[in-house]
Amino acid sequence: MTRDRAVAAGVTEPNGMTLATVDADGAPSARVVLLRGLDDGLVFYTNYDSAKGRHLEGDPRAAAVLWWVDLARQIRVTGRCTRVSEAVSDAYWRSRPAGSRVSAAASPQSHVIADAAELADRVARVRAHHPGGDVPRPRHWGGYRLRPDVVVVSGWSTFAAQAALAWCRARHV
């Protein structure tokens, strides 16, 4: 089961994946991120100062779930996250629409702000500094790669029968 097949089948959001991390106290936290690359791991991008970024810097272990309900498939991945290279983050940043770059540069993701007006002001300041929309990638923004240790692909039918295929990375003892 590949992401390309999910796209071809018209899955509503084939790149949406739930990412789970833990904070310094071991409390779990999950949120939806967008899968933006697939190589020897699952690549996603975020503000490194966000809750997920802080969690991953403290404990790189994470779990992700892609739920393709239209195909009756779920893909679960567990492993460790590492930052992608600056060059990879820069290349992806440049591929994003100008409005997305402005928003990412302006947003203090996962931090409390006074109100929506503060965020609007931040966006206006970024636009004023970069009127052509050519916003450089902030150092606090970039990608992570979740390198799988375990991948489980599950499928089900209308009768609730479920089948699963699991892959585990060999561990050196």
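Begin with helices H4 and H5, which are oblique to each other. The model is a predicted one. Select residues 98-106 for H4 and residues 116-129 for H5: the two helices pack at an angle of about 120 degrees, and their axes lie 9 Å apart. Angles of 65 to 115 degrees count as roughly perpendicular and those over 145 as roughly antiparallel, so this pair falls into the oblique class. The crossing of H4 past H5 is right-handed.

Next, display the side chains at this contact. H4 contributes Val 102, Ala 105 and Ala 106, while H5 contributes Leu 119, Arg 122, Val 123, Val 126 and Arg 127. Sorted by class, six of the residues are nonpolar, two are charged and none is polar.

Now move to the largest nonpolar core, which has 21 residues. Select Met 17, Leu 42, Phe 44, Leu 66, Trp 68, Cys 81 and Leu 146, the members with the most contacts inside this core. Strands S1 (16-22), S4 (42-47), S5 (61-68), S6 (73-83) and S7 (141-156) each supply at least two of its residues. The largest share, four residues, comes from S5.

Centre the view on Leu 66. Beyond its neighbours within four places in sequence, Leu 66 is in contact with Pro 14, Gly 16, Met 17, Leu 35, Leu 42, Arg 73, Gln 74 and Ile 75. Another core, of twelve residues, lies apart from the largest one; among its members are Tyr 92, Ala 106, Val 123 and Trp 141.

Finally, select helix H2 (residues 51-58), where Ala 51, Lys 52, Gly 53, His 55 and Leu 56 are buried. The elements covering these buried residues include S1, S2 (28-34), S4, S5, S6 and S7.

Note on methods. Residues numbered from 1 in each chain as written. Predicted model: local features only at pLDDT ≥ 70, side-chain atom pairs only at ≥ 80, totals over all residues. Heavy atoms only, no water. Core = buried A, V, L, I, M, F, W, Y, C linked by side-chain atoms within 4.5 Å. Buried < 20%, exposed > 50% of the residue type's maximum accessible area, 1.4 Å probe, protein only. Contact = heavy atoms within 4.5 Å. Axes fitted to C-alpha atoms, helices over the stretch in contact; angles between N-to-C directions. Parallel < 35°, antiparallel > 145°, perpendicular 65-115°, else oblique. Left-handed = near helix turned anticlockwise from the far one by under 90°. Nonpolar A, V, L, I, M, F, W, Y, C, P; charged D, E, K, R; others polar.
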